[in-house]
Amino acid sequence: MDLNRLRQDSEFTWRIPAEPPMTVPGILYGDREQVLQMDDKVYEQLRNVTMLPGLVGPVYAMPDAHWGYGFPIGGVAAFDADAGGVVSAGGVGFDISCGVRLLHTGLQAADIEDAKSALADSLYANIPVGVGSEGSISLDRTLMQDMLEGGARWAVSQGYGSADDLDRTEERGCISGANPDAVSDRAKKRQRREMGTLGSGNHYLEVQRVAEIFDASIASAYGLDLDHLVISIHCGSRGLGHQIGTDYLREMLLAASDFGLVLPDRELACAPIHSDLGQRYIGAMRAGMNCALANRQIITHLTRAVFREHFPQAELTMLYDVSHNICKLETHVIDGVAHELHVHRKGATRAFGPGNPDLDASLRDAGQPVLIGGSMGTGSYVLAGTAESEHRALSSACHGAGRAMSRRKARREYGGRQVVDELARRGIVVRSPSLRGVAEEAPLAYKDVDRVVDNAHRAGLACKVARLEPVVCVKG
């Protein structure tokens, strides 16, 4: 990226000054080298978003930002419905409510050393993974309606987990205002057999070792200690979410001129929040979020069953579950004034600080766990939301490393078997239905997650708590 087009506000903060037709500035987070290495497309997409109507405050790009569909991935933008604000399907993304769930196991790394391969085989055999993967659950029309309205709460009511899980889940497992009737029959058909499945791409289930503690006090509040084993589940709303995005992007694009919207990029197709189309999309998107929450809850249940078979002493309890492809109605204070805003986070994680009333009482003093995923051979992180992040970026932080190369280039650079064998030499057991998919998700196809997290920490977006290293990875 050409730094001459930016103004440096601080060591980790870069600004695109608001010049017409922009209505607000763009803010990028990262150190000089990191921003320099960002694709120019991130600059263009961030600037394009600043031209949409009804924005309140700057549009932000997290340290892991890279170009996406319309919005940059790692993008955050907030809109005021009463000021003509819009909702953008491209600002949420196709994988609605893709997110990360972290589970404690009560085990030490040494406890599973001799059983890693057997455990990996069982997880792979019992949790469907890969393109078009289907599970044993089949939803009829009534169950589909109930799932889209009830999210993880519905899953618990069906016997998948316990009510205790919901206390540690964003929105306590269910976002209100979901409208299953706004979801197309095609989307529902795609999801009918996909509950309890990981899917493909960068989705995964990993058994991870706590390798490093940065903040002992918060780590203790989160129940994390060195060499403890945790489980990370990274997936979203599968075919249903993708179809919702496809359906509404098309409809928003066709309706743009009727709303008098001049789009800087057709991929930023959107609709006024107060319009019928805007409300239908929000209702469908919330149904997609509930689908993702239910999906991760069911996968949790399946994972517990596998661990009970291999390690009866294990107790898989929740640390947290948070989404990173969403639009949510939240209250934020900007320039001393409280606003109700529709906050788009695309490849960015909510990071509420200590004292936030939306957090479970057991987490309120420490702040919200912020779960940052790596890629097979790289580390993952647990961070904590900070009070400072509220004015830095609407209580938002990065969500992962961010891609450094396209999937096509990764396939040219790496072989799937090469990646699996290299990770095995490092003691990491990988199971995947697709060596091509493994090559696409090779660790070096992503940015340096350690640097991304360091810059998020130093910029005040979230506080480093613990670093996790993979032991077993079931990969889409």
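These legends accompany close-up views of a pocket and a cavity in a predicted model.

**View 1. The second largest pocket and the residues nearest its centre.** The second largest pocket has a volume of about 250 Å³, and 14 residues make up its lining. Those that lie nearest the centre of this pocket are Tyr29, Pro58, Tyr60, His391 and Arg392.

**View 2. Elements and residue classes around the second largest pocket.** Two or more residues of the lining of the second largest pocket come from each of the strands β2 (13–16), β3 (26–29) and β12 (325–334), and likewise from the helix α11 (389–393). Of these elements, α11 gives the most to the lining, with three residues. Sorted by class, the lining of the second largest pocket holds seven nonpolar residues, together with four charged and three polar ones.

**View 3. The largest cavity and its lining residues.** The count of cavities of 30 Å³ or more comes to one, and the largest cavity has a volume of about 40 Å³. The residues that line the largest cavity include Val100 and Leu102, Gln208, Ser232, the run Leu371, Ile372 and Gly373, the run Ser380, Tyr381 and Val382, and also Leu468.

**View 4. Elements and residue classes around the largest cavity.** The strands β7 (99–108), β15 (369–372) and β16 (380–385) each supply at least two residues of the lining of the largest cavity, and the largest share, three residues, comes from β16. By class, the lining of the largest cavity divides into seven nonpolar and four polar residues, with no charged residue among them, whereas the lining of the second largest pocket has four charged residues.

Key: Residues numbered from 1 in each chain as written. Predicted model: local features only at pLDDT ≥ 70, side-chain atom pairs only at ≥ 80, totals over all residues. Heavy atoms only, no water. 1 Å grid on protein atoms, 1.4 Å probe; cavity = no way out; pocket = protein on both sides within 12 Å on 5 of 7 lines; lining within 4 Å. Points joined across faces, edges and corners; volume = space filled by probe spheres on them. Helix = DSSP H or I, 4+ residues; strand = E, 2+ residues; numbered from the N terminus. Nonpolar A, V, L, I, M, F, W, Y, C, P; charged D, E, K, R; others polar.
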